Amino acid sequence: MFTVYNETDLKDLGGGVTRRILAHGKDMMAVEVTFDEGAVGAMHTHPHTQISYVLDGEFLATIGNETKKICKGDTYYTLPDVPHGVVCIKKGTLLDIFTPEREDFLK
């Protein structure tokens, strides 16, 4: 299955955050999330395993009780049900990969 970027919907999540769902199937999903400087991806949990890759920008990422500055090329891995979130220091974009797919994003 192919996903053509210009044919995908960009969803405004508010607070300077947008989300674009890329290729996905029941076992995996790729999502592009863009943050304005100062925007927050609030601490949250979900039953999915997640890997995030910093396409550009700078973020303070928190997983559990650990916070680290991450920049272009950095990644992080989050186990299911572990609290995590980000604060954007410099406008940027994350590529989030979930397994299984986030059915809640498709509603």
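**Exercise 1. Determine whether glutamate 66 is buried, partly exposed or exposed, and locate it relative to glutamate 32.**

Step 1. Glutamate 66 has a relative accessible area of 56% and is therefore exposed; buried means under 20%, exposed over 50% and partly exposed in between, with a 1.4 Å probe and protein chains only.
Step 2. Glutamate 66 belongs to strand S6, where strands are DSSP runs of E with at least two residues, numbered from the N terminus.
Step 3. From glutamate 66 to glutamate 32 the separation is 34 residues in sequence and 23 Å in space, C-alpha to C-alpha.

The model is predicted: local features need pLDDT of at least 70, side-chain atom pairs count only at pLDDT 80 or more, and totals for chains, interfaces and linings use all residues. Residues are numbered from 1 along each chain as its sequence is written, and side-chain values use heavy atoms, with hydrogens and water left out.

**Exercise 2. State how many salt bridges there are, and describe each pair.**

Step 1. The count is three salt bridges, a salt bridge being a side-chain nitrogen of Lys or Arg within 4 Å of a carboxyl oxygen of Asp or Glu.
Step 2. One of them joins glutamate 32 to arginine 20 at 3.7 Å, N to O. Because glutamate 32 lies in strand S3 and arginine 20 in strand S2 (residues 17-25), this pair ties together parts that are twelve residues apart in sequence. Glutamate 32 and arginine 20 are both buried.
Step 3. Another joins glutamate 58 to lysine 69 at 3.4 Å, N to O. It links distant parts of the chain, with glutamate 58 in strand S5 and lysine 69 in strand S6 (residues 66-71), eleven residues apart. Lysine 69 has a relative accessible area of 46%, so it is partly exposed.
Step 4. Aspartate 104 and arginine 102 form a salt bridge at 2.6 Å, N to O. Aspartate 104 is partly exposed at 40% relative accessibility, whereas arginine 102 is buried at 7%.

**Exercise 3. Characterise the surroundings of histidine 48.**

Step 1. Histidine 48 sits in the loop between strand S4 (40-44) and strand S5 (49-63).
Step 2. Its relative accessibility is 9%, so histidine 48 counts as buried.
Step 3. Setting aside residues up to four places away in sequence, histidine 48 touches several residues, including Phe98, Pro100, Glu101, Arg102 and Asp104; contact means heavy atoms within 4.5 Å.
Step 4. A polar atom of the histidine 48 side chain lies 3.5 Å from the backbone oxygen of glutamate 101.

**Exercise 4. Identify which residues have the most contacts inside the largest nonpolar core, and which residues make a nonpolar surface patch.**

Step 1. In soluble globular proteins, nonpolar side chains tend to be buried together.
Step 2. The largest nonpolar core has 16 residues, and those with the most contacts inside it are Val31, Phe35, Phe59, Ile70, Tyr76, Val86 and Leu94. Such a core is a set of buried Ala, Val, Leu, Ile, Met, Phe, Trp, Tyr and Cys residues joined through side-chain atoms within 4.5 Å.
Step 3. Strand S3 (28-35), S5 and strand S8 (84-99) are the elements that give two or more residues to this core.
Step 4. Beyond its neighbours within four places in sequence, phenylalanine 35 is in contact with residues among them Val17, Val40, Phe59, Val86 and Leu94.
Step 5. Val40, Leu60, Val87 and Ile89 make a nonpolar surface patch of about 280 Å². Patch residues have over 30% relative accessible area and no salt bridge, with like charges joined within 9 Å and nonpolar side chains (Val, Leu, Ile, Met, Phe, Trp, Tyr) within 5 Å; accessible areas come from the Shrake-Rupley method with a 1.4 Å probe, and for residues only the protein chains shown count as cover.
Step 6. Leucine 60 lies in strand S5 and, at 36% relative accessibility, counts as partly exposed.

Key
Helix = DSSP H or I, 4+ residues; strand = E, 2+ residues; numbered from the N terminus. Polar contact = N/O pair within 3.5 Å; in protein donor to acceptor, adjacent residues only side chain to side chain.
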